[in-house]
Amino acid sequence: LLQETMAANLSHSYPIPLTNTSSMEKEFLQEYTHQAGVRIAILFGLMMIALVGNSLALYTLMMGKGGLAKKRSKIIFLNITLADFLVTLFPMLGQLIWEILEREWVAGWLFCKVFKFIQTYALASSNYML
């Protein structure tokens with residue numbers, strides 16, 4: 001029974017046409033699309049804040065007084081900033097695209113595996129940089 005239910009749920013993709021559906025299904029789909037819109041808006045806002053903040057940090061590090069070669073702390077902050085850029089570009093952007101495409105992967109099996117590896121690498125590099 002569980003396998004049949006899961007197969008039935010996975011056999012169609014959203015959005016489902018709202019004809020021939022019960023009011024409960026319509027309410028669920030409207031709530032689902034509202035929640036997806038909220039997730040997309042929050043992810044987009046966080047990405048913009050991260051991009052602007054990291055760009056400013058990178059600009060300050062590169063154009064700051066004394067250059068990068070003068071202080072070891074600047075090199076550490078540069079590495080942290082670059083790792084944060086990786087997190088912004090791969091996990092956050094990937095999740096945003098996933099939400100926009102209504103949680104349906106269209107890029108194929110190989111790219112899925114490569115992209116998941118890059119996402120994990122970006123998160124690990126950011127965590128271990130600290």
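This is a predicted model: local features need pLDDT of at least 70, side-chain atom pairs count only at pLDDT 80 or more; totals for chains, interfaces and linings use all residues.
Helix α3 bends by about 30° at L93. Despite the bend at L93, the 29 residues of α3 reach 41 Å from the first C-alpha to the last, close to the 42 Å expected at 1.5 Å a residue. Helix α3 covers residues 72–100 and has the highest confidence in the chain, with a mean pLDDT of 87.

The chain as a whole averages a pLDDT of 78, and 71% of its residues score at least 70. Confidence is lowest in helix α1, residues 2–10, where the mean is 47. Across residues 1–18 the pLDDT is below 50, and this stretch has 9 contacts in the model beyond near neighbours in sequence.

The secondary structure consists of 4 helices and 0 strands, and the order of elements from the N terminus is α-α-α-α. Helix α2 spans residues 23–63, and helix α4 spans residues 109–129. Of the contacts in the chain with a separation of 6 or more, 64% are between residues 24 or more positions apart. Of the 130 residues in the chain, 20% are buried. The accessible surface comes to about 9,900 Å², and carbon and sulfur atoms account for 69% of that surface.

The buried residues of α3 are K74, L78, T81, A83, F85, V87, T88, P91, M92, G94, L96 and E99. An α-helix has 3.6 residues a turn, so residues three or four places apart point the same way. The buried set includes the charged residues K74 and E99, and E99 takes part in the salt bridges described below.

V87, in helix α3, has a relative accessibility of 12% and therefore counts as buried, the cut-off being under 20%. Leaving aside neighbours within four places in sequence, V87 is in contact with M92, A122, L123 and S126. The C-alpha atoms of V87 and Q119 are separated by 7.4 Å, although the two residues are 32 residues apart along the chain. A further pair is A83 and A124, which are 41 residues apart along the chain and have their C-alpha atoms separated by 9.1 Å. A83 is among the buried residues of α3. A124 lies in helix α4 and is partly exposed, with a relative accessibility of 27%.

The structure holds 2 salt bridges. In one of them, E99 pairs with R39, and the closest N and O atoms are 3.0 Å apart. Because E99 belongs to helix α3 and R39 to helix α2, this pair ties together parts that are 60 residues apart in sequence. E99 has a relative accessibility of 4% and counts as buried, whereas R39, at 26%, counts as partly exposed. E99 also forms a salt bridge with R103, with an N to O distance of 3.1 Å. The relative accessibility of R103 is 38%, so R103 counts as partly exposed. Through shared partners, the salt bridges join R39, E99 and R103 into one network.

Most residues other than glycine have a negative phi, and most peptide bonds are trans. E102, which is not a glycine, has a positive phi of about 60°, and this residue comes just after α3. R103, also a residue other than glycine, has a positive phi near 55°. E102 is partly exposed, with a relative accessible area of 33%.

T33 and E102 are 69 residues apart along the chain, and their C-alpha atoms are separated by 8.9 Å. With a relative accessible area of 45%, T33 is partly exposed.

Methods: Residues are numbered from 1 along each chain as its sequence is written. Side-chain values use heavy atoms; hydrogens and water are left out. pLDDT is the predictor's confidence in each residue, from 0 to 100. Helices (H or I, at least four residues) and strands (E, at least two) are DSSP runs, numbered from the N terminus. Contact means heavy atoms within 4.5 Å. Buried means under 20% relative accessible area, exposed over 50%, partly exposed in between (1.4 Å probe, protein chains only). Accessible areas come from the Shrake-Rupley method with a 1.4 Å probe; for residues, only the protein chains shown count as cover. The expected span of a helix is 1.5 Å times one less than its number of residues. The bend at a residue is the angle between axes fitted to the seven residues ending there and the seven starting there. A salt bridge is a side-chain nitrogen of Lys or Arg within 4 Å of a carboxyl oxygen of Asp or Glu.
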